[in-house]
Amino acid sequence: GSFTCAGESCAAPIDVSNAMVQPCKEGQTIDSGSHCTPDCQEGYTASEASLSCLGGKLSPASFACRPDSCKAPLGGTISHSATSGSCAEGVEIGHKGSCTTQCQAGYVASATSLSCFAGKLDPPSFSCVGAQCEAVPRPNISFTEKGPTCKEGRWIDSGGICTPTCQEGFVASVPSLSCELGVLSPVIYECMQSPCQPPDSSAIANVAAAGPCSKGGLVPHAGECQTQCAPDFTPSVPSLKCSKGVLDPPTFTCAALPCAAPTSVFRLDALNPCAEGHTIESGKVCTPKCEEGFAPSVAEMKCVNGVLSPKELSCEPLSCHAAPSSSIANVAAAGVCAEGEVIQHGGACTAQCL
């Protein structure tokens, strides 16, 4: 018989941090003349490409599993990332280092930084979104409501709008401000004293067809609504004053035009042409009054929307009545006057005796 002398095998390294349970891909025992290929956990890389076994000894004797660095997210995969790169630190981030995220002007990163540990970023990436706009600071605007100057809050998303707030009695100079990439447009607004809405035409009978106010539209603060009615009607007040969005008085009525008492009628009583006065309300009547010795040609004149009817009036002289026969001794039996009991104006009484 005979024998051979074989080189002593090598045991795989032990207690290698972050190595796989079996640190050599070839197994726990490495034949002499062969090599050990180090095997590290994910995120770690071996310090040696291989260890050679010769006569029971590995060379080098062991290896270390070193944590991998991280690659910065590719800028092309992140819309609106900075042209200089997605991370301020460059394209490679060391283990336990941080990537300070970068976006183009007007955009902000969804995460301010990404942490690197053993080849992996946390979070793995980020996005660049349009920057929010901050509501206009309160000291820059007078007469705003308490709280944010935008109804939507202090911060407005890019692409959104800010609805301005003002105290009661004031109105914003613009209906809204738009936010685009961190910039409000317009950048500010003012709270102006509110104009007034004109009265509701449908609630005013006989209002003018053109509307209740002669100038139409909104009534400016400190301005006036000059009231107007349909033809033959007159407003109860000549104007409504606007103050901080409120009209005073708030509305008016349209009444039919009154009538002026008749004038320029011969022998009409100048002081009291109508028993009812110098102005007659529509629907009422004027009872004409003439000077003593004269009588009106009509008993009454009715006022309808500023017009008296009938239109014609005259004061006619009164006729005379003969004295009673009983008051004159020896008067004729036929009566005091030959012309009868009534003597017309301009006529004469021919006296009669027994």
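Predicted model: local features only at pLDDT ≥ 70, side-chain atom pairs only at ≥ 80, totals over all residues.
Trainee: How many salt bridges does the structure hold?

Mentor: Side chains of opposite charge can pair when their charged atoms come close. The structure holds five such salt bridges.

Trainee: Which residue forms a salt bridge with K120, and how far apart are the closest N and O atoms?

Mentor: The partner is E42, and the closest N and O atoms are 3.9 Å apart. K120 belongs to strand β15 (residues 120-122), while E42 sits in the loop between β5 (38-40) and β6 (44-46), so this pair ties together parts 78 residues apart in sequence.

Trainee: Are K120 and E42 buried or exposed?

Mentor: Exposed means over 50% relative accessible area. K120 has 52% relative accessibility, so K120 counts as exposed. E42 has 67%, so E42 counts as exposed too.

Trainee: What about K71: which side chain does it meet in a salt bridge?

Mentor: K71 meets E92, at 3.7 Å from N to O. K71 is in strand β10 (residues 70-71) and E92 in strand β11 (residues 92-93); the pair links distant parts of the chain, 21 residues apart. K71 is exposed, at 62% relative accessibility, whereas E92 is partly exposed, with a relative accessible area of 45%.

Trainee: Where do E134 and R154 lie?

Mentor: Their side chains meet in a salt bridge at 2.7 Å, N to O. E134 is in strand β17 (residues 133-134) and R154 in the loop between β17 and β18 (155-156), so the pair ties together parts 20 residues apart in sequence. E134 is partly exposed, its relative accessible area being 38%.

Definitions and conventions:
Residues numbered from 1 in each chain as written. Heavy atoms only, no water. Salt bridge = Lys/Arg side-chain N within 4 Å of Asp/Glu carboxyl O. Helix = DSSP H or I, 4+ residues; strand = E, 2+ residues; numbered from the N terminus. Buried < 20%, exposed > 50% of the residue type's maximum accessible area, 1.4 Å probe, protein only.
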